[in-house]
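Here is a short briefing to read alongside the structure. Keep the 3D view open and find each residue as it comes up.

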Amino acid sequence: DVACTPYDIAQKVTYIESLFQNDVHVSDILMIHDQMHELKGDLLTMNSTISVTTIVGHINLILVAQVPETVVDNWHYVRDHVNDVVNLWQKNFRIPENTYAIAIDDSKIQRKLLAKFFDFMGVPREQTTILGDGAEEIKGFEDFAVGFLENHKNDYVFMIVDENLDVVNESSMHESISGSACVESIRNRLPHELERRVLAVVRSANDSSSDISLFCTRAHGFLPKAPIRREKVNDVLAPLWLKRFPLSEFGDSVRFDADDTMSVPSDSELACSPEDIAQKLMDIESLFQKDVHFTAWRTIHDQLHMLKGDLLTLNSDASMISVLGMINLMLLGHSQDPGVITEKWHNLRDRIHVDMIRNKSQAGEKSVERPRRASVFRLRKKQLSSNADISNSFLTTESLATSRSKYNHQGLSNSFVSTDSSRISDSPRLHQDLRC
């Protein structure tokens, strides 16, 4: 059956609204009538049990109205109620049961978030594959994906691919593999009948217009690295899915289920936690303690890039704009003096911790009923206590000076434990938008 989707209806309503904004109902009422006939037909072919009787009634009133003001009044009713229906449709959007999900990311934190995203989508865990743990999985991703699709010819495959996949090759050299280039290669290797059953999107912290244009050329869409709540997943997924798998071509590609039987995880937000960021900072600091920024700068570079992606998925009220700028400056640090790089790292590290302290404080003020999260800094201190070498260097200024006498280091006791609000700088909050 050929059925209309919420994606089609939303586009139609947006177009008709633009006609009203340009006073076409005054200058060319017949054009409005034509669009109303089309909208009525679309509504009557919806793949849904939602009643549209009253909406169709108001469309009929528009078709017989003689006064522009009456046309506008009835259009406002139609527009608002159609948007309500579309929102309800989108909420009830469900992927078919024969959907399989594949994701790849070189960050352990992001792999955990991607598994949760697929849970939110309603993909059973036995139909989910998360890759990216090591060079073998990354380098073998294209062959794996092609083979997987060849073995699932009648299924749907949803694929999320990180853009920057960093590996260490056989010569112990660091190498960055483009996820979008992998997707392009996979699509080119597949016959048409298999390629048309995959929806592949690129997920990246790089969201400039040129980057997104490139991603959408190589893949089918783009997902930003940003926090997202369970109830908003369909807002992201449905337009991409319906555009890729229209019901006019795939009769079984989607269903709209008013009975929400999907289990909702207790943690209903797809976001990186402060504890995740704390662990990542500790990992990077240990590399600096081992002078890796002297011997293998690319290792530091790759870890900073992962940190950037993790921060973008951190659910925080603190601004990340300046922090991301500080990371970008460090990513250019291969030609800088190691002492300068170390100082920049300390400034970045301290800034992130102050922002996390601020965010925790604000979260506690907003809701006294919300259970308080364990202190990031108590957690870190507990973790570090199990490692005497790192603990001694992280928790006291004196030991940092001893272990790194070449530079004038600041002790983490001042940055990890301090709650001095005067060190917090205010800047506009970073917003990530879905674009494709």
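A residue counts as buried when its relative accessible area is under 20%, as exposed when it is over 50%, and as partly exposed in between. By that rule, Phe20 and Trp75 are both buried. Keep in mind that this is a predicted model.

**The whole chain**

- The protein chain has 21 helices and eleven strands.
- It holds 436 residues, and 51% of them count as buried.
- Its accessible surface comes to about 20,900 Å². Carbon and sulfur atoms account for 49% of that surface.
- Take the contacts between residues at least 6 apart in sequence: 71% of these join residues at least 24 apart.

**Aromatic pairs**

- Searching the whole structure turns up ten aromatic pairs.
- One of them joins Phe20 and Trp75. The ring centres are 5.2 Å apart and the planes meet at 0°, so this pair is stacked.
- Phe20 belongs to helix H1 and Trp75 to helix H5, so the pair ties together parts that are 55 residues apart in sequence.
- Both Phe20 and Trp75 are buried.
- Trp241 and Phe245 have ring centres 4.8 Å apart and planes at 65°, so they form an edge-to-face pair.
- Trp241 and Phe245 are both buried as well.
- Tyr100, Phe144 and Phe148 are linked by ring pairs into a cluster.
- A charged residue also meets a ring: Arg197 lies over the face of Tyr156, at 4.4 Å from the ring centre.

**Helix H4**

- Helix H4 covers residues 53-64, twelve in number. From first C-alpha to last it reaches 17 Å, close to the 16 Å expected at 1.5 Å a residue.
- Which residues of H4 are buried? They are Ile55, Val56, Ile59, Ile62 and Leu63.
- Why do these residues sit on the same side of H4? They cover an arc of only 105° around the axis, which puts them there.
- Thr53 and Val64, on the other side of H4, are exposed.
- The cover over the buried residues of H4 includes helix H3 (29-44) and helix H5 (68-91).

- Is Lys40 buried or exposed? Its relative accessibility is 19%, so Lys40 counts as buried. The cut-off for buried is under 20%.
- Setting aside neighbours within four places in sequence, Lys40 is in contact with Val56, Ile59, Asn60 and Leu63.
- Of these contacts, Val56, Ile59 and Leu63 are among the buried residues of H4.
- The C-alpha atoms of Lys40 and Ile55 are separated by 8.5 Å. Along the chain, the two residues are 15 residues apart.

**Tyr7**

- Tyr7 has its place in helix H1, which runs over residues 6-21.
- Its relative accessible area is 23%, so Tyr7 is partly exposed.
- How many residues apart along the chain are Tyr7 and Val86? They are 79 residues apart, yet their C-alpha atoms are separated by 8.1 Å.
- Beyond its neighbours within four places in sequence, Tyr7 is in contact with Pro239, Leu242 and Lys243.

Technical notes. Residues numbered from 1 in each chain as written. Predicted model: local features only at pLDDT ≥ 70, side-chain atom pairs only at ≥ 80, totals over all residues. Heavy atoms only, no water. Helix = DSSP H or I, 4+ residues; strand = E, 2+ residues; numbered from the N terminus. Expected span 1.5 Å × (residues − 1). Buried < 20%, exposed > 50% of the residue type's maximum accessible area, 1.4 Å probe, protein only. Arc of directions from axis to C-beta. Contact = heavy atoms within 4.5 Å. Phe/Tyr/Trp six-rings, centres within 6.5 Å; stacked < 30°, edge-to-face > 60°. Lys NZ or Arg CZ within 6 Å of the ring centre and 35° of its normal. Areas by Shrake-Rupley, 256 points an atom, 1.4 Å probe, with all protein chains shown as cover.
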